[in-house]
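User: I am new to reading protein models. Could you walk me through one, feature by feature?

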Amino acid sequence: MTQAKMPAYIRADVLLVLVHAAKRGQTVQYLSIMRACGIPRGQPPKSAEKAIGYIVGAISEWTSSKWSVFLSSIVVEKSTGYPGGGFFGSSHLPKDLRRPSSRWMDNTLSEKEKTHVHKCQADVFEWARTCKLSVAIAARGKKMRGPIA
């Protein structure tokens with residue numbers, strides 16, 4: 001596997017949480033990531049770059065362009081067990097699965113969308129077996145606030 005330089009806009013602490021979950025073959029809830037990485041809950045952030053959906057979306061766009069895996073597919077809503085509707089806003093998805101921004105807050109998934117999520121998750125778990133990003137991420141010095149539930 002080739003190493004890729006991580007863009008400065010990627011939050012290393014969140015990426016580390018996602019890579020560790022993927023290596024364990026597990027999904028992780030949005031709220032668990034927010035708690036572990038000190039991302040505030042409740043009030044909308046003053047800028048989109050600080051919102052959890054934007055953060056995991058940026059990570060997914062990067063991993064998709066580098067390794068063809070949607071790492072954010074393992075980030076799920078507690079209530080549904082699936083990613084939020086914003087997952088389907090990625091420009092890297094097939095056109096027939098892309099949602100307009102007006103539907104990103106809709107967490108109801110079609111059977112076709114659920115099937116695609118399962119395929120993406122399987123791809124992520126397979127990729128994670130040989131992923132060497134953990135060491136590179138840890139070297140950036142981001143510290144998590146606590147363990148992932």
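Analyst: Start with the surface. This is a predicted model. The chain exposes about 8500 Å². Carbon and sulfur atoms supply 54% of that area.

User: How much of the chain counts as buried?

Analyst: Of its 149 residues, 42% do. A residue is called buried when its relative accessible area is under 20%.

User: Which elements does the chain have, and in what order do they run?

Analyst: Count first, then read along the chain. There are five helices and two strands. From the N terminus on, they run α-β-α-α-β-α-α.

User: How do I check the span of a helix?

Analyst: Take H3, with 16 residues. At 1.5 Å a residue, H3 should span 22 Å. Its end C-alpha atoms are 22 Å apart, so the two agree.

User: Which residues of H3 are buried?

Analyst: Among them are Ile52, Ile55, Val56, Ile59, Trp62 and Trp67. Ser60, Thr63 and Ser64 are buried too.

User: What does leucine 71 touch?

Analyst: Set aside residues up to four places away in sequence. Leucine 71 then touches Leu15, Leu18, Val19, Ala22, Ile59, Ser60, Thr63, Val124 and Trp127.

User: Where is serine 72 found?

Analyst: In the loop between helix H3 (52-67) and strand E2 (75-76).

User: Is serine 72 buried or exposed?

Analyst: Compare its value with the cut-off. Serine 72 has a relative accessible area of 7%, so it is buried.

User: What joins the side chains of serine 72 and serine 60?

Analyst: A polar contact of 2.8 Å. Leaving aside neighbours within four places in sequence, serine 72 is in contact with Val56, Ser60, Pro83 and Phe87.

User: How do contacts look across the whole chain?

Analyst: Sort them by separation in sequence. Take contacts between residues at least 6 apart. Of these, 63% join residues at least 24 apart.

Conventions: Residues numbered from 1 in each chain as written. Predicted model: local features only at pLDDT ≥ 70, side-chain atom pairs only at ≥ 80, totals over all residues. Heavy atoms only, no water. Helix = DSSP H or I, 4+ residues; strand = E, 2+ residues; numbered from the N terminus. Buried < 20%, exposed > 50% of the residue type's maximum accessible area, 1.4 Å probe, protein only. Polar contact = N/O pair within 3.5 Å; in protein donor to acceptor, adjacent residues only side chain to side chain. Contact = heavy atoms within 4.5 Å. Areas by Shrake-Rupley, 256 points an atom, 1.4 Å probe, with all protein chains shown as cover. Expected span 1.5 Å × (residues − 1).
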